[in-house]
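Subject: Structure for you, with notes

Hello,

Here is the structure for you to look through. My notes follow below it.

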Amino acid sequence: MNAIVALCHFCELHGPRTLFCTEVLHSPLPQGASSGDISGQNEQAEEEEGGIQMSSRIRSHSPAEGASADSSSPGPKKSDMCEGCRSLAGGHPGYVSHDKETSIKYVSHQHPNHPQLFSIVRQACVRSLSCEVCPGREGPIFFGDEQHGFVFSHTFFIKDSLARGFQRWYSIITIMMDRIYLINSWPFLLGKIRGIIDELQGKALKVFEAEQYGCPQRAQRMNTAFTPFLHQRNGNAARSLTSLTNDENLWACLHTSFAWLLKACGSRLTEKLLEGAPTEDTLVQMEKLADLKEESEGWDGSEEEEKPSSQPDAVEGQELSKCSPETSLMPDCNSWNVAHRRLSVFRSLRHMRQVLGASAFRMLAWHVLMGNQVIWKARDTDLVQSAFDVLRTMLPVGCVRIIPYSDQYEEAYRCNFLGLSPHVQIPSHILSSEFAVLVEVRAATRSSLYPTLFDEEQSLNKYEFVVTSGSPVAADRVGPTILNKIEAALSNQNLSVDVVDQCLVCLKEEWMNKVKVLFKFTKVDSRPKEDTQKLLSILGAAEEDNVKLLKFWMTGLSKTYKSHLMSTVRSPTSSESRN
C-alpha cells in the first residue's frame, strides 16, 4: 500500500511534531553506496517477522541526527528539538524491513527524507493535533484533499506524572493519495491502530502508577504556589515516549507494527475483473440449484436422498459430473467424481478424437451438437461417465440431460446422453433412426490397440469403440460451422488443451448470442418466415445444419432470460417505444 504511517506528538514547547514514520519504497536501496549513505553493515541485526526481514541501517542524512552533512535535509534543527520531540537520537540507526514476497522495503525514521513528503507529513501532523480533532480530543477522524493527500488520524493521550493534566497528547496518522482505498480501509485501520494505542497506553499507565505511588505529584502541586509558565520550562517538562513507557525497544516495535500495518492493509483489498452480465450457462446452473434447493425443502425424510444414482428419475435433468460439493444434493455425486478423477479415461475432446478416429468422432460430435440421442453401451461405468463429461462441453448447460447408466432404454425426451449396460436391448427403430448414435465399447481383439498414442493409458488398450448411426455423416458434408471450427482447433497441435477449452467457451458464447437473437426475432416479435431467413443469412447460419443447431440450442436458454424478454414485450413502455 502506497502510504505513510506516522506517530505525532504535541510538544508543550514546540507544538505539533512528527516523532516516527514508516514509508514504503518500491525501488531497491542503492547497493555499494558510499559509507556516508549506508554504513554499519557488520552491525545489522536481522530477524524474520511475518515474511518481512528487518534490519537496522545508519542513514547519515536522517534528520534525527541533528547536524547533517546535507544542509538541505528537511528535518528541524537540533536546537529546535527537545526530549519529547525526538525519537531516534543522534547516531541511532534507522530501520529497514525487506518484504521478500513483493521486493518492497519499509523504511522507518523520524521524518521522511524527501522534502515533498516531509511537507505532507508535517501538515498532516499539525492538522491532526490542532484543528482536525474529533469530539473529546481522542478518537479517529478523516480529513485531507487531492493536493496534500488524505489522512486517517487517531488521537490519544499518554499518562505522564510530570505533564500538565498528567497526560500528553499523541496521534497516529495514515496518509495516502487514494481517498476511496483509505475510506474502505477505515474499519481495518481503526482496529489495528487502536490495538497499538492500547499497548502504548497500557505501558505508560504502569509507569504512571509506579511514579505516583513513589512520589504523588497531585498533592505536591497543590501545596506549591502557582507559578505561571514555570512548570513547563523546568527540566522535566519534556519526556521521551521511551521514558513514559519504560520500553527501550519501543521504536523497533513500532517499526514492526507500522510495517505490518502497511503490508496487511495493502493485501486485504484486491481488485476483481468484472466480465459483464452472467452467461446463459451460469443462469441455468443457478436455476437448477434453486430447483434442487426447493426439492430438498419438500423432502420429508432421507429415503429420497438415498436413491441410487442408477435410477433415471433421480438424475434426470441434473448435472452429475460437475456438481460442486457445497451444492450437491446427490449422495453418490462426490464418490462418482472421486472415481472419475482417479481413472479419467477420456481426458479431453482431443483425447477422444485420437481414440475414436477423426471420422467416427465427427459423426459423434455432429449428433451431439444437433441434439440427437447419444447412447454408450459399456460395462465400465467410469468410462461412460468420462465420455459424457467430455462430450457435454460442446453444449450449453441447459441442453444437457444425462442418465449416466441404466439397465433399460430411456426415450430421447428424457435424456440426450444415455449410458447402458451391454445386455440392454435397444429398440430397432432407434438403431435405424437418424436422430440417434450408438457407441459400443467392446473388448479389444488385440492385446494392445493403441500402443503408440497412449503408453500411459493402459486402460484404453482393452477397449474397441464402434460408432454407428442410422444417418451417418458423409465425409464431404459441410456440417454446422461450429463443428468445423472445433475440429480445426482439435487438430491444431500448436494449441494446448487449455487453449482449446477456452476456444470452445468462446464458440459456445458466440452461437448462444445468435440463439438469443433468433429467439427474440421469432418467438417474441413473431416476425414472418421471410424476415427470419434474412436474419439467418446475416448471422451466417442459413445452412440446414446451422438452423437445426440453433433451434436445439434454443431449448437451453435460461428461464430468466425468456421471462425477461416476455415481460419486456408485455410492458406498456416497450410497446409505446416500438410504435
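The model is a predicted one: local features need pLDDT of at least 70 and side-chain atom pairs count only at pLDDT 80 or more, while totals for chains, interfaces and linings use all residues. Residues are numbered from 1 along each chain as its sequence is written, and side-chain values use heavy atoms, with hydrogens and water left out.

Gln110 sits in the loop between strand S6 (104–109) and helix H1 (115–128). Helices (H or I, at least four residues) and strands (E, at least two) are DSSP runs, numbered from the N terminus. Gln110 counts as buried because its relative accessibility is 1%; buried means under 20% relative accessible area, exposed over 50%, and partly exposed in between, with a 1.4 Å probe and protein chains only.

Strand S9 (residues 167–176) is largely enclosed by the rest of the structure, because nine of its ten residues are buried. S9 pairs with strand S1 (residues 4–11) in the antiparallel sense over six bridges; two strands pair if DSSP finds at least two bridges between them. S9 also pairs antiparallel with strand S8 (residues 149–159), over ten bridges. Thr174 in S9 is the bridge partner of Val5 and of Phe152.

Helix H12 (residues 381–391) is mostly covered, with nine of its eleven residues buried. Among them are Leu383, Val384, Phe388 and Leu391, as well as Asp389. At the start of H12, a side-chain oxygen of Asp380 comes to within 3.0 Å of the backbone nitrogen of Asp382.

Further along there is an open sheet of five strands, in the order S11-S12-S10-S13-S14, with mixed pairing. Its edge strands, each pairing on one side only, are S11 (402–406) and S14 (463–469). Neighbouring strands of this sheet are turned by 15° against each other on average, direction ignored; the axes are lines fitted to C-alpha atoms, for helices over the stretch in contact, and angles run from 0 to 180 degrees between N-to-C directions. Strand S13 (residues 436–443) runs antiparallel to S14 and is joined to it by seven bridges. Arg442 stands opposite Glu464 in S14.

Regards

Definitions and conventions. Polar contact = N/O pair within 3.5 Å; in protein donor to acceptor, adjacent residues only side chain to side chain.
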